[in-house]
Amino acid sequence: MSAAPAAASAASAGRRQYDLGFARWVYQHVEGGDKVAMCMQCGMCSGSCPIGTAMDHGPRKLFMMIRAGMKEAVLTSNTIWNCTQCYNCVVRCPRKVPVTAILQSLATVAVKEGYAPTQSTPKFSKAFWLSVARFGRTDERLVTALYYFSHGLKEGIRRALENLPIALRMIKAGRMHLGLPHRAKGAADLRAILAKAEDIERAERAGGKPS
Amino acid sequence: MAGEAAESQTVLVVGGGIAGITAAVEVIETGYDVVLVEKSPTLGGRVAQLNRYFPKLCHPTCGLEINYQRLRSNPRIRVLTMATVAAVSGSRGRFGVTIETRPRHVNANCTACGDCAKAATTRVPNAYNYGLDTVPAAHLPHAMAYPMRYVLAPEVIGTPEADAIRAACKYGAIDLEEKPRRFDLAVGAIVWAAGWKPYDAAKLQSYGHGRVPNVINNVEMERLAAFTGPTGGKILRPSDGKPAKRVALIQCAGSRDHNHLPYCSRICCLGSLKHAAYVREQYADGQVDIYYIDIRAHDKLEAFYRRVAADPQVRFVKSKPASITADDAGNPVLHGEDTVSREIYDRPYDLVVLATGMEPSLAGALPAKLAVDDYGFLVPELDPGSGMFAAGVAQGPLDVSMSVQSATAAALKAIQAIRGAGGHAAAGRA
């Protein structure tokens, strides 16, 4: 995925910035992004969203903002982070726009472009990813600990203590094991695959051919 | 077949709705014979089931009545009701058509006196009112029936009730022995005017039609507002018979939707504007909300849109509602996003009307090899030189006036095909 175009010029504070190349860039580089052009602004997606009231814009408005070239506002929106991937909108969309794929892909763009996320969803995603990339599986203790302490040492300890009784009950019920993290059989192979993928992505970003 | 005369100069018209009736009348008044085949017990089709036409809000008796008059007084037409086309063979000028008829069990002696209905004890769903109420097993299809003749429901045939019904008839019009028939006709040209059916609202799963009380579709709303409907023309909630004063009308319910009908049915916007007018006529304190993506009131029909929109008690909400649930009081509650204000709403109503679209009646059940478009509608001139033509909604979504125009055009083409057979008609198509 190549970098999203930078805003044409730094406009004075408080003024909306419109980057007219942004829509085209989304059509070409975001997964399912070409379908953003299909949206007819009916509101079925935002109305079907179980957490629609917790979104600043909702998918429908976000798609209009993409078409209007409001890059900053799109990539700093909490809509791309609050999506729970329940697929209600995808199933009901009369234009077959893959809403969830687009939101997820935009979140990836936002992280790569260095936009500060509005909530802690990316922290959890990173914790999840570290566990999966290293061991090929998610380990409930590892993911939880990484996520808690990504908020800082003090907050990490506070959250860990708060949830300790649950953890103990889970161990007692055999729902959480003690010992080394879960590990997939081919964890080493997976790491090699991921390293190769990163190489390809780096090469693409540099404009060269993958090695 | 250039230069050859047609073996048959009869035109077969399939479908007895407004398009089929119009095509038939135009052909017979030009001096050719017509066989008009209708699958239900009466002519009139969907138009007879309307309460009013848009945009002038006149009654469908007007239009149907004058055409019935033209049929009745002309010896060139033969009307076959309860009849369908089973097969078609041959070609332009010399078609062989196989017709199948279902028994009506009431012959031409019937005077429509109604004594048979009084003798009937079984009640059956009233197809005229889309099953919103019931009728006696012996009944007149509706007040504008043509022929004006009763019909017996197959449910009672072979029961003592059927004998009682026969005994009640003073004119010997009840024929319990009538059997289904199958016979062949020779015709020179065919006009397919088989019309449409409402899209099945139950397929719009999140809208709860048939599951959530007081969610109906637009054709049911016509019956609810009609004097001959289940409520005598009062717009009442089906669940408890209370006046439906707060009404939501949902546009594009299953239309312009790749999960359902991908096309616009063209009539539903005007239909719903008309429904808003029905509610406001009956209730001074009525409140109608129209949920829409965009309002498609074409050409002169925009004046009707402006008229309805000028009413402060009719509100337009730019939103495709996401779902409908029921609250404890039996009210349907709409959930969705107002795309102008971005409000996520949950609004209760007395009644919700789904503006469902039109599906071709023949979809998936073509009795002959006919060319259809991506949506199952017939291609207007089915195959150049084939002698078969489509008219009315069988060829695509149309309103009544446009159906009549397309039927008149099909009548002319059918006449060219049988006269022609070789003359300028065929040459013109080359």
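So, secondary structure of chain B: we've got ten helices and 22 strands in there. And keep in mind that this is a predicted model.

Okay, overall dimensions. If you line up the C-alpha trace of chain B with its principal axes, the spans come out at about 70 × 60 × 35 Å.

Now the inside. In chain B, 56% of the 430 residues count as buried, meaning under 20% relative accessible area. On contacts, take the ones in chain B with a separation of 6 or more: 68% of those come from residues 24 or more positions apart.

Chain B has an accessible surface of about 17,700 Å², and carbon and sulfur atoms hold 53% of that.

Last bit, the partner chain. How many residues of chain B are in contact with chain A? That's 18, and they meet 23 residues of chain A. Together, chain B and chain A bury about 1,500 Å², with 53% of that on carbon and sulfur atoms. On the chain B side, the residues that lose the most area to chain A are His258(B), Lys320(B) and Arg342(B), and together they make up 35% of what that side buries. If you've got the structure open, those three are the ones to click on for the chain B side of the interface.

Terms used:
Residues are numbered from 1 along each chain as its sequence is written. Chains are lettered from A and ligands numbered from 1 in the order in which they are written. This is a predicted model: local features need pLDDT of at least 70, side-chain atom pairs count only at pLDDT 80 or more; totals for chains, interfaces and linings use all residues. Side-chain values use heavy atoms; hydrogens and water are left out. Helices (H or I, at least four residues) and strands (E, at least two) are DSSP runs, numbered from the N terminus. Buried means under 20% relative accessible area, exposed over 50%, partly exposed in between (1.4 Å probe, protein chains only). Contact means heavy atoms within 4.5 Å. Accessible areas come from the Shrake-Rupley method with a 1.4 Å probe; for residues, only the protein chains shown count as cover. Buried area is the accessible area (1.4 Å probe) that two parts lose on being put together, summed over both.
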